[in-house]
Amino acid sequence: MTPLRVAVVGSGPAGFYAAGHLLASDLPVEVDMIERLPTPWGLVRLGVAPDHPNIKAVSRAFEKISAQPGFRFFGNVELGRDVTHEELTRIYDAVIYAVGAQTDRQLGIPGEELPGSWAATEFVAWYNGHPDFQAIPFDLNTERVVVVGAGNVALDVARMLALAPGELAPTDTTDQAIAAINDSPLREIVLLARRGPAQAAFTTPELKEMGELADADVIVDAADLEGAIGTDTNSERNLEVLRQYAAREPAGKRRAVVFRFCVSPVEIRGADRVEEIEIVHNELVDGGARAVPTDRHETIECGLVFRSVGYLGVGLPGVPFDEAKCVIPNDRGRVEPGLYAAGWIKRGPTGVIGTNKKDATETVEQLLEDARAGLLHRDSDERLESLLEERGAEAVMYGGWEAIDLEERTRGEPHGRPRIKLCSWEELLAAARG
């Protein structure tokens, strides 16, 4: 039986879980994974906080999938530049898009464009060594940073800024970021949440971690917690943790993380860069479902603002896209027979890494159903590698990624670090060639 040939575009968790489920099916399948970067794993490599090595350990499962017969990795291959959607649908029986949500939501307030106002995603990519973000001039020479958002990414940014040198040292944070965080005169990181403590989207383990930092106090105003009632188990646990923080006396540590609830930014101000942010106090209505601004305003002096108010999917050339929902329109992952979506580009930016396993499985089941019904076919026996060769495109195969991986681990080992990342396209491609 001729193997089913499937292209998976995107090498994050959704892409790998889709590949794994395909290769474990009762049909013979070949999977080619296509990734714009020379490195796989998506947000596991470039989005998970470096002080969370246990979360990054999921990559071991991806390594096992990569070792299976029928799997190939094509890094440094970009849709629209090196290969088109039309070509993929011609040379594969099916294409799964698992490209995540590649941009961030804006606050939509005056002054958002000022130097010193950044998306949290840009900062996360910078300290994690994403080659596209290393030239950003993050200036941490300020005593106060404001982080807008009440989810785990906002917590990650606040925690990374609050880490003591001894906590940063054993991580794979880039050397540039370690130096900037350690040398910063930063005293206070203020987290702004639009709604109340019961509505915050933090997960409890991440919230608890904030109180275990070596050299940072956590400050919560007990008045913000009055009358707050948990909406589910996570919310109830969060409130418990926040009450513990509110009862603590600050110990005068080097830095402080300050939680502010029921406040929204209305304007960022400064002459040539961020100098202050104006916030409005909100009232909760509809049982906490909505936050309505009051006439109480306040100004917070700060040198940096990070917005962490959600991700957005981005359309791909030639691929159907729902502009309103910022996803590829689909039914349980099926766009049409032969075309599928998995992960955030399928459902929107929700859930944790593990959520992608169930999500990708659902998508692959639609694909296999279509294959069994005889609805999948390819129009050409041409191979991706010959098409890329014609174009002079330099694909990084899995062996190239293993060379990068070895180089990074070797660099990190003498320093007791899991790896010291190669952070530029030139370094990454040079290591892959080696």
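I took buried to mean under 20% relative accessible area. The model is a predicted one.

**Strand 7**

With that cut-off I went to strand 7, residues 144-148, and found this strand mostly covered, with four of its five residues buried. I then looked up its pairing. Strand 7 runs parallel to strand 8, and five bridges join the two. Strand 7 also runs parallel to strand 14 (residues 304-307), here with four bridges. I followed Val146 as an example: its bridge partner in strand 8 is Val190, and in strand 14 its bridge partner is Val305.

Next I checked an open sheet of three strands, whose order is 11-12-13 and whose pairing is antiparallel. Strand 11 (263-269) and strand 13 (290-301) are the edge strands, each pairing on one side only. On average, neighbouring strands of this sheet are turned by 25 degrees against each other, direction ignored. I noted six bridges between strand 11 and strand 12 (residues 276-285), in the antiparallel sense. Val263 has His281 of strand 12 as its bridge partner.

**Nonpolar cores**

I turned to the nonpolar cores. The largest has 46 residues, and those with the most contacts inside it are Phe123, Leu161, Met210, Phe259 and Phe306. Helix 7 (residues 152-162) supplies the largest share of this core, seven residues. A second core is separate and has 41 residues, among them Leu22, Ala94, Ala360 and Ala431.

I listed the contacts of Phe123, leaving aside neighbours within four places in sequence: they are Phe138, Leu140, Val157, Leu161 and Phe306.

**Aromatic pairs**

How many aromatic pairs are there? With ring centres within 6.5 Å as the cut-off, I count 16 aromatic pairs. I looked at one of them, Phe202 with Phe259, which is edge-to-face at 5.8 Å centre to centre and 80 degrees between the planes. Phe202 sits in the loop between strand 8 (188-192) and helix 10 (204-210), and Phe259 sits in strand 10 (residues 255-260), so this pair ties together parts 57 residues apart in sequence. Are Phe202 and Phe259 buried or exposed? I found both Phe202 and Phe259 buried. Phe259 had already come up among the residues with the most contacts inside the largest core.

Last, I traced a cluster linked by ring pairs: its members are Phe16, Tyr17, Phe62, Phe71, Phe73 and Tyr398.

Methods. Residues numbered from 1 in each chain as written. Predicted model: local features only at pLDDT ≥ 70, side-chain atom pairs only at ≥ 80, totals over all residues. Heavy atoms only, no water. Phe/Tyr/Trp six-rings, centres within 6.5 Å; stacked < 30°, edge-to-face > 60°. Buried < 20%, exposed > 50% of the residue type's maximum accessible area, 1.4 Å probe, protein only. Core = buried A, V, L, I, M, F, W, Y, C linked by side-chain atoms within 4.5 Å. Contact = heavy atoms within 4.5 Å. Pairing = 2+ DSSP bridges. Axes fitted to C-alpha atoms, helices over the stretch in contact; angles between N-to-C directions.
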